[in-house]
Amino acid sequence: TFESNLKLEGAFVVGSDGVHSATRDWLSLPAAVKTGSNVFRGNLLVDSEENVLYPLLSQGIVPLHGMLLHVFYFNSKVPGKLAWVISTTQARHDGMSAISAIEGKIDDEDKRNTVMELLSQSDPSHLAPYPETSVLQTEVVESCGWGGKGRVTLIGDAAHAMRPTDGQGGNMALEDAVVLCRALREKTTIEEALRWFETTRLPRIVKIHADQADRYARRMRREQVGPWSDEFKKWVHDGI
């Protein structure tokens with residue numbers, strides 16, 4: 001029953017209500033905690049080869065100097081769309097922007113000029129920080145398990161909010177949905193399906209959750225973080 005007195009009935013509940021999940025709270029599970037990280041996200045259309053940002057559609061850019069910055073081609077179905085993400089542990093303050101977040105963080109002049117041009121061509125509304133990042137600690141995800149009970153389960157950030165290091169949070173939510181549908185199709189009862197879904201997903205989630213936390217921490221320490229090993233990359237990409 002909702003505050004508006006709207007009452008809904010169903011066979012089971014899937015809490016897909018994000019990092020500050022009310023369903024997670026109802027299950028008395030540990031809440032996500034703030035990380036001290038501030039994130040900026042934006043996108044823009046680069047529709048001319050004469051635009052100095054045009055090479056980024058094929059090259060992208062990832063300068064890692066005490067911050068995380070990804071610039072990437074959004075999707076081949078949206079020609080010319082560049083997306084970018086900046087994450088920094090710089091203390092939040094009034095007037096904070098994506099531009100102030102990168103000041104003094106990119107030593108290479110050409111790369112710095114490219115990033116500044118990227119931000120100058122972005123919509124000004126994209127330069128403001130998102131709400132401070134909150135995540136579930138890996139040890140909480142591992143020790144508490146998935147946390148569902150009865151005919152209630154969780155998916156996505158509600159179950160395993162992780163560092164936004166390589167975009168794996170969204171990927172894991174999509175995998176959750178696929179495996180949950182598989183469980184509901186193949187198992188005899190709803191409760192059996194939900195518990196099978198949770199126990200099947202947990203080991204993969206814990207492994208990727210830990211990887212994302214580790215890579216983020218190393219980048220914030222200005223360490224050089226290389227690509228995944230071929231073995232790990234294949235395991236991630238092979239999916240579920």
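Modeller: Asp123 lies in the loop between α4 (109-120) and β6, where helices (H or I, at least four residues) and strands (E, at least two) are DSSP runs numbered from the N terminus. Since this is a predicted model, local features need pLDDT of at least 70 and side-chain atom pairs count only at pLDDT 80 or more, while totals for chains, interfaces and linings use all residues. Residues are numbered from 1 along each chain as its sequence is written, and side-chain values use heavy atoms, with hydrogens and water left out.

Asp123 is partly exposed, with a relative accessible area of 39%; on this scale buried means under 20%, exposed over 50% and partly exposed in between, with a 1.4 Å probe and protein chains only. The side chain of Asp123 makes a polar contact of 2.7 Å with that of Ser125, a polar contact being a pair of N or O atoms within 3.5 Å of which, within protein, one must be able to donate a hydrogen and the other to accept it, and residues adjacent in sequence count only if both atoms are side-chain atoms. Asp123 and Asp108 are 15 residues apart along the chain, and their C-alpha atoms are separated by 25 Å.

Of the 240 residues in the chain, 42% are buried. Contact here means heavy atoms within 4.5 Å, and among contacts between residues at least 6 apart in sequence, 72% join residues at least 24 apart.

The largest nonpolar core has 27 residues, of which Val141, Trp146, Leu154 and Phe197 touch the most other members; such a core is a set of buried Ala, Val, Leu, Ile, Met, Phe, Trp, Tyr and Cys residues joined through side-chain atoms within 4.5 Å. At least two residues of this core come from each of β7 (152-154), α6 (157-160), α7, α8 and α9, and α8 gives the most, with seven. Apart from this core lies another, of 21 residues, which includes Leu53, Leu82, Trp84 and Ala101. Leaving aside neighbours within four places in sequence, the contacts of Trp146 include Leu29, Leu154, Phe197, Arg201 and Ile205. Leu154 is also touched by Ser21, as is Ala158, when residues up to four places away in sequence are not counted. Ser21 itself is found in the loop between β1 (13-15) and α1 (22-26), is buried with a relative accessible area of 6%, and has a side-chain polar contact of 2.6 Å with Asp17.

The largest pocket holds about 950 Å³ of space. A pocket is defined on a 1 Å grid over the protein atoms alone, as an open set of points where a 1.4 Å probe fits, with protein on both sides within 12 Å along at least five of seven lines, and lining residues have an atom within 4 Å of a point; grid points are joined across faces, edges and corners, and the volume is the space filled by probe spheres set on the points. Among the 37 lining residues, Pro164, Thr165, Asp166, Gly167 and Gln168 are the closest to the centre of the pocket. Two or more lining residues come from each of β3 (38-45), β6 (134-135), α7 (168-186), α8 (190-220) and α9 (230-238), with the largest share, five residues, from α7. The lining divides into 14 nonpolar, 13 polar and 10 charged residues, where Ala, Val, Leu, Ile, Met, Phe, Trp, Tyr, Cys and Pro count as nonpolar, Asp, Glu, Lys and Arg as charged, and the others, Gly among them, as polar.

Helix α7 also holds Glu175, which is buried, with a relative accessible area of 11%. The side chains of Glu175 and Arg204 are joined by a polar contact of 2.7 Å, and, neighbours within four places aside, Glu175 is in contact with Arg201, Arg204, Val236, Gly239 and Ile240. Leu68, in strand β4 (residues 67-73), is buried with a relative accessible area of 0%, and the residues it touches beyond four places in sequence include Pro164, Thr165 and Tyr216.
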